[in-house]
Amino acid sequence: MSLYNRASVSGRSPLDSNAEKIDRKGLVPFFREIHSLHEVNKLTFVCIGTDRSSGDSLGPLVGTMLMEQGFPHVIGTMTEPCDADHLVSYLKRIPQDHHVIAIDACLGQQGSAGMFLVAREPLTPARSVGLALPSVGDYSVAAIVNERSPKPYWTLQMTSLHLVMTMATHIAHAASCGFGLRADSQEFPESYRFRY
């Protein structure tokens with residue numbers, strides 16, 4: 001199975017209609033389901049974004065946290081972001097027998113900031129800003145970091161870094177719980193102290 005498909009910019013959401021909108025409590029069951037189907041050493045997390053925009057830094061933040069928590073295969077961190085310029089070349093690093101979990105930030109409907117879109121299908125990065133990038137992943141998590149606007153680049157630049165860091169922490173914590181790397185807990189991680 002191909003790791004990515006030809007991109008589409010027909011919609012604003014990075015995920016198609018099969019996506020489910022959840023709050024942070026739905027993340028652990030989503031990751032637990034993936035864990036029941038795949039060994040962690042046969043999974044690659046692709047955390048998409050850049051450290052040069054507060055709204056788009058979610059992916060690199062999650063990637064850094066996942067690496068710190070012991071996940072063996074992570075692409076996209078604060079030191080080596082998986083941004084638009086590097087996405088295609090980074091995808092070539094993924095072993096053919098791996099399944100991919102794609103993680104990205106997105107813009108959403110009014111009142112939906114702080115929610116997550118999860119799907120058992122690829123996501124298409126940068127749809128909201130009109131870039132044609134390849135779709136990525138067998139599973140997807142898109143964090144709604146702000147509302148859609150006529151100026152998506154500006155909106156991402158002006159997004160609350162605190163919200164992005166909080167959502168990144170929830171994703172990384174849920175993945176660790178879902179894959180059994182830490183005790184399952186819905187409590188906010190004690191170790192979260194703006195270390196990044």
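Trainee: What makes β5 and β8 a strand pair in this predicted model?

Mentor: Pairing takes at least two bridges, and eight join strand β5 (residues 99–108) to β8, with the two running parallel. Within this part of the sheet, Cys106 stands opposite Ile144 in β8.

Trainee: And how do you know that β6 pairs with β8?

Mentor: Again, the cut-off is at least two bridges. Four bridges join strand β6 (residues 116–119) to β8, and these strands run antiparallel. Here Phe116 stands opposite Ala143 in β8.

Trainee: On to the rings. How many aromatic pairs are there, and why is Phe31 with Phe45 called tilted?

Mentor: The whole structure has six aromatic pairs. Phe31 lies in helix α1 and Phe45 in strand β3, 14 residues apart. Both Phe31 and Phe45 are buried.

Trainee: What makes Phe31 and Phe179 tilted?

Mentor: Their centres are 6.4 Å apart and their planes are at 50 degrees, which is between 30 and 60, so that pair is tilted as well. Phe179, in the segment after α5, is 148 residues from Phe31.

Trainee: How do you know that Arg93 sits over the ring of Tyr90?

Mentor: The distance cut-off is 6 Å, and the charged end of Arg93 is 4.2 Å from the centre of the Tyr90 ring.

How values were computed: Residues are numbered from 1 along each chain as its sequence is written. This is a predicted model: local features need pLDDT of at least 70, side-chain atom pairs count only at pLDDT 80 or more; totals for chains, interfaces and linings use all residues. Side-chain values use heavy atoms; hydrogens and water are left out. Rings of Phe, Tyr and Trp (its six-membered ring) pair if their centres lie within 6.5 Å; planes under 30 degrees apart count as stacked, over 60 as edge-to-face and the rest as tilted. Buried means under 20% relative accessible area, exposed over 50%, partly exposed in between (1.4 Å probe, protein chains only). A charge sits over a ring if NZ of Lys or CZ of Arg is within 6 Å of the ring centre and within 35 degrees of the ring normal.
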